[in-house]
Amino acid sequence: MSDVTSLKEQLKSLNLEYAKIKDIPQSERKAFGVKLNERKQALLAQIAEAEAAAESENIEPIDITAPAAPNQPIPTFKKGSKHPLMTELDRVIDIYSRMGFNVMESYQLDDEFHMFESLNFPDGHPARDGYDTFRTAEGFIPPAHTSTMQHRALLRYKEQLEQGGQIAVVIPGRVFRNEDVDATHEHTFYQCEGVYVSEDATVGQMLGLLKNFFEAYYEQQLNIKTQPGYFPFTEPSLELLIEKPKSLGGKGDGWLEMLGCGMIHPNVLKSAGIDPDKYKGFAWGGGIDRLVIMKYQLSDIRYFESGKLQFLEEF
Ligand code: DAH
């Protein structure tokens with residue numbers, strides 16, 4: 001008999017002894033009960049220990065070189081696949097890389113300085129409220145946009161700029177906002193940021209570059225337009241819209257806002273030690289989810305984070 005079985009037998013007979021309590025004189029009952037309980041606890045502990053020991057003894061190492069057992073049906077596996085957002089993000093990065101952009105990855109946990117100060121949001125600035133930021137108990141910020149990386153991108157490639165080159169970086173990443181979720185709003189989504197600095201960067205270059213990007217991504221000519229926007233880290237600030245093409249369900253009347261952009265504010269350049277009198281830059285940032293939604297004419301942004309296999313298998 002194994003240790004465990006004999007211990008369990010002992011426990012059974014011990015349990016029977018509880019029935020004797022009623023035959024014991026009142027004055028001795030308490031002591032009797034306490035003793036029984038002590039013995040029971042000790043037995044239970046021994047059983048747990050013996051069970052744990054038996055379990056680790058019984059583990060047979062797996063022989064990964066063993067041939068499959070003959071005559072057994074081969075199990076069918078569902079093959080996993082890349083998440084559609086990651087596939088599309090790769091395409092986005094590929095287009096920018098071919099234009100000559102470097103790629104950095106954004107952080108998933110950031111701080112007050114990179115989220116606000118370095119981007120020219122002074123303490124108490126009302127535009128801070130526009131970002132619905134989450135905060136951890138320790139005071140870190142899961143970034144509400146990929147612009148949190150601008151300062152790092154400027155520092156990282158500053159030397160290249162000062163040696164007569166440019167700063168040209170795109171920064172994809174996951175961002176988080178504490179906002180109500182519906183078909184067009186998610187608390188977690190992806191953005192791609194772009195930063196370009198040279199001695200003579202202009203709004204015209206920026207719009208040309210972004211038009212090229214969207215045309216490469218959607219593989220067709222597109223109409224774009226801008227409308228004024230406001231971001232503390234750009235001056236002027238613009239929102240870029242593209243006209244929804246017929247091939248993607250457009251009826252000739254729909255303009256979709258795709259990203260925010262503008263000329264980098266002198267204070268943002270200064271905070272990275274770049275002289276705004278000598279260098280000019282532009283930056284932009286927009287949602288990847290939105291890009292993909294239009295491409296596949298999806299109706300609900302929440303599918304992306306849902307983990308619904310039925311949805312994911314369509315890609
Ligand atoms: N970070 C902004 C947002 O998520 C978008 C944006 C606007 C990014 C202007 C930029 C920019 O780089 O220059 O709302």
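How many Å separate the centres of domain 1 and domain 2, taken over C-alpha atoms? The answer is 67 Å. This is a predicted model, where local features need pLDDT of at least 70 and side-chain atom pairs count only at pLDDT 80 or more, while totals for chains, interfaces and linings use all residues. Residues are numbered from 1 along each chain as its sequence is written, and side-chain values use heavy atoms, with hydrogens and water left out.

**Domains**
- The protein chain is split into domain 1 (3-57) and domain 2 (84-312), with bounds from an automatic or database domain assignment.

**Who's around the ligand**
- The shell has 16 residues, and H145, S147, R177, E193 and A283 come nearest; to count as near, a residue needs a heavy atom within 4 Å.
- Sorted by class, that shell holds six nonpolar, eight polar and two charged residues; Gly is counted as polar here, and Asp, Glu, Lys and Arg as charged.
- At least two shell residues come from each of β3 (188-198), β6 (255-264) and β7 (280-287); strands are DSSP runs (E, at least two residues), numbered from the N terminus.

- E193 has a polar side-chain atom 2.6 Å from an oxygen atom of the ligand.
- For Q150, a polar side-chain atom is 3.0 Å from a ligand oxygen atom.
- S147 puts a side-chain N or O atom 2.8 Å from a nitrogen atom of the ligand.

**Cover**
- On its own, the ligand has 350 Å² of accessible area, and the protein covers 93% of that (Shrake-Rupley method, 1.4 Å probe).

Conventions
A polar contact is a pair of N or O atoms within 3.5 Å; within protein, one must be able to donate a hydrogen and the other to accept it, and residues adjacent in sequence count only if both atoms are side-chain atoms. Helices (H or I, at least four residues) and strands (E, at least two) are DSSP runs, numbered from the N terminus.
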